[in-house]
Amino acid sequence: LSLVAAAILGAIVTRTIAKPLVDLDAGTSALAEGNFYHRVPVSGNDELAHLAAAFNHTAAELQRLSEEVRRERTNAESANAALKQHAQELARANADLQQFAYSASHDLQEPLRIVALYSQLLHRKYSEQMDADAEEYLGHILRGARHLEALIRDLLAYTKTSSAGDHLASLTDANAVLVRVLQILELQIREHECQVTADALPEVMAHGIHVQRVFHN
């Protein structure tokens, strides 16, 4: 009877205590190895059953967090790939735009030179036959052509500098740039009856074409 009772008691202990502990130990090892899908069986309503249920809840939460991290990582990798592709496309577009600006500026030089040349020839040949208005109009044409020539030279110099990889700015006299811009906008200023005043301006560390765009705008 004692032996039978001991065997029965041993079976009960194995089923109610030892087996759940072995399952929990196996589950803990699985979690340590990153297997968040592992679950331990839950039977009964004792402390070990509550511990097993708590373990399964923790494993389920770790599984949810792991899947969320995996999704976020996938989204981040996709976003980085898209950003890299966008940066490459932007670099190509910038190179194309720079080449276009250089080509257009280079091609415009000759027509402007012709406009300036023929304006001078007209003034030289017909100056005695021109009234004050004609003299003024021809002067505007000549000054506009010269301003555009200067602007195109600056643009060409800037595109050459940028394409060479030298982005270092140099000192630019803001006073001289302002005078040039006011000459370009002379007609608009007169038509709108504006008065533009300025104190002495400093030299700035910037490309002249950038300063001119600021004043022009």
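Contact here means heavy atoms within 4.5 Å. This is a predicted model, so to speak: local features need pLDDT of at least 70, side-chain atom pairs count only at pLDDT 80 or more, and totals for chains, interfaces and linings use all residues. Residues are numbered from 1 along each chain as its sequence is written, and side-chain values use heavy atoms, with hydrogens and water left out.

**S119 in α2**
- S119 sits in helix α2 (residues 47-126); helices are DSSP runs of H or I, at least four residues, and strands are runs of E, at least two, numbered from the N terminus.
- At 6% relative accessibility, S119 is buried (under 20% relative accessible area; exposed is over 50%, partly exposed in between, with a 1.4 Å probe and protein chains only).
- Leaving aside residues up to four places away in sequence, S119 touches L138, I141 and L142.
- A polar atom of the S119 side chain lies 2.7 Å from the backbone oxygen of V115.

**Salt bridges**
- The whole structure has four salt bridges (a side-chain nitrogen of Lys or Arg within 4 Å of a carboxyl oxygen of Asp or Glu).
- One of them pairs E61 with R64 at 2.4 Å, N to O, and R64 also bridges to E68 at 3.3 Å.
- R64 is partly exposed at 40% relative accessibility, and E68 is partly exposed at 33%.
- R190 pairs with E186, with the closest N and O atoms 3.0 Å apart; these two are four residues apart in helix α5 (residues 186-191), about one helical turn.

**Helix α4**
- A174, V177, L178 and V181 are buried in α4 (residues 174-184).
- Their cover includes β1 (171-173) and α6 (208-216).

Key
Polar contact = N/O pair within 3.5 Å; in protein donor to acceptor, adjacent residues only side chain to side chain.
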